[in-house]
Amino acid sequence: MARTPLRSDLIERITARVLDGRLAAGSRVNEVHLAHELGVSRTPLREALIGLADRGLLVSAPGRGFLVPPFDPDEARRLYPLVAELEALALRWTSPLELAGLPDALDAVAEEMDAVLADGGDLSDVDDRWHALLLSRCPNPHLLRLLGQTKPLLKRYESCYFGGVGRAAESIGEHRRIAAALREGDLPAASAVLVRNWVKALAYLGKDDR
């Protein structure tokens, strides 16, 4: 199905509603209300919902329309290692010449993360920006597209299961170690810390230290 501008916009807006809980886990999508809220007709809305179901962010249930999947710890255990390996692959795919100057930019965003954490703010947006910057030099659009489709599935779990000041500070330290390894030209070490940064979040599954 072609990605028209309207469909792309609707996908982004509906995704945001799933991630922030306005469309709650386990709930049915009320297409009439959602179409009215978004100011569109049912046809483009349904196309967008089908697209999100294809990605796994929604479920198409015969006779019930579209549902927001309930939270599933097993899905989180599958997604975190998958995203970890995909990001590490994207990093390894990047030429060392393309990585020039990137560590300093990554450290600057890590400093923003420190400031947000000190103020008790939400690190999610800044962390997303750090990871986007890390992968911004990757020349493989297919890999980046796959990551873009997979990460929203994972992000549902960040606010549900993971967090806490201790884990956030530890994660920022890992971000700095990745930048340091890149600065030294040690791509394998940077990739290893990147995978560890993602996978270690699984240790917090079901915990609530927020």
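These questions and answers look at salt bridges in a predicted model.

The model is predicted, so local features need pLDDT of at least 70, side-chain atom pairs count only at pLDDT 80 or more, and totals for chains, interfaces and linings use all residues. Residues are numbered from 1 along each chain as its sequence is written, and side-chain values use heavy atoms, with hydrogens and water left out.

Student: How many salt bridges does the structure hold?
Tutor: Side chains of opposite charge can pair when their charged atoms come close. A salt bridge is a side-chain nitrogen of Lys or Arg within 4 Å of a carboxyl oxygen of Asp or Glu. The number of salt bridges in the structure is 14.

Student: Which residue forms a salt bridge with Arg17?
Tutor: The closest N and O atoms are 2.8 Å apart. Arg17 is in helix H1 (residues 5–19), and its partner is in helix H2 (residues 31–38), 20 residues apart. Helices are DSSP runs (H or I, at least four residues), numbered from the N terminus. The partner is Glu37.

Student: Is Arg17 buried or exposed?
Tutor: Buried means under 20% relative accessible area, exposed over 50%, and partly exposed in between (1.4 Å probe, protein chains only). Arg17 has 10% relative accessibility, so Arg17 counts as buried.

Student: Which residue meets Glu174 in a salt bridge?
Tutor: The N to O distance is 3.0 Å. Glu174 lies in helix H8 (residues 165–183) and its partner in the segment after helix H9 (187–199), so the pair ties together parts 26 residues apart in sequence. Glu174 is buried, with a relative accessible area of 1%. The partner is Lys200.

Terms used: Helices (H or I, at least four residues) and strands (E, at least two) are DSSP runs, numbered from the N terminus.
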